[in-house]
Amino acid sequence: MEYIALDVETPNSKNDGICSIGTLLLTDDRITDEWYTLVDPKDIFEDFNISIHHIRPSDVIGSPIFEDVWAKIGKYIAERTVIAHNAEFDLTVLSKALENRHMPRPEMRYLCTVNLGKKLHYRGTNVRGDLVLSNFARTLGVDLERHHNALYDTRACAGIFLRLREMYEFSPEDYVKKFVYPKPKREYPYRRSV
């Protein structure tokens, strides 16, 4: 079975744009491909986000825009189950980015390594913070070289998934969920009071 591990970084608190994305293909529990790019979000960068991932507006000059990135990887993602750490965040960002550009949003199925960790490793008794990507990777002995770099976070996420598979011998299909898209933004027409 093939899965695609995914991580995105965002330029601001709107969480509806992407300034970098990493993907990693898992085939029969082996890493068979990976891909990373900076993305020009055509939007503002906020200091808080820069302080986390260290991507500045000047870094994305000349990088592809989201539409071009999605043309390259959209089908690749839609045809596989996505694995992500805190998957609903990454998939919601993708969803909002697609919605903002009036692009079709594919049906997506996903596995979340946070949820797997809660259910399999901590069995519902985790201490707050144990499932943060860097902490959970360290606990499981998974390498994470540059936290908040989308490629390295994707590698860590895949490593967590594979380590959990090794430790607990579970069937991934038992934990797959269908992604439920957030409700589209509502447009309210301007009404003049009489």
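What follows is a short exchange on how the terms apply to this predicted model.

Colleague: What are the ground rules for the numbers?
Modeller: Residues are numbered from 1 along each chain as its sequence is written, and side-chain values use heavy atoms, without hydrogens and water. In this predicted model local features need pLDDT of at least 70 and side-chain atom pairs pLDDT 80 or more, while totals for chains, interfaces and linings use all residues.

Colleague: How many helices and strands are in the protein chain, and what makes a run count as one?
Modeller: DSSP runs decide: H or I over at least four residues is a helix, E over at least two is a strand, numbered from the N terminus. The protein chain has six helices and six strands. Their order is β-β-β-α-α-β-α-β-α-α-α-β.

Colleague: Which residues of α2 are called buried?
Modeller: Buried means under 20% relative accessible area (1.4 Å probe, protein chains only). In α2 Phe66, Val69, Trp70, Ile73, Gly74 and Ile77 qualify. Their cover includes β1 (2-9), β2 (20-27), β3 (30-38), β4 (81-84) and α3 (87-100), by contacts of heavy atoms within 4.5 Å.

Colleague: Where does helix α2 bend?
Modeller: At lysine 72, by about 45 degrees, within residues 66-78. That is the angle between axes fitted to the seven residues ending there and the seven starting there.

Notes
Buried < 20%, exposed > 50% of the residue type's maximum accessible area, 1.4 Å probe, protein only.
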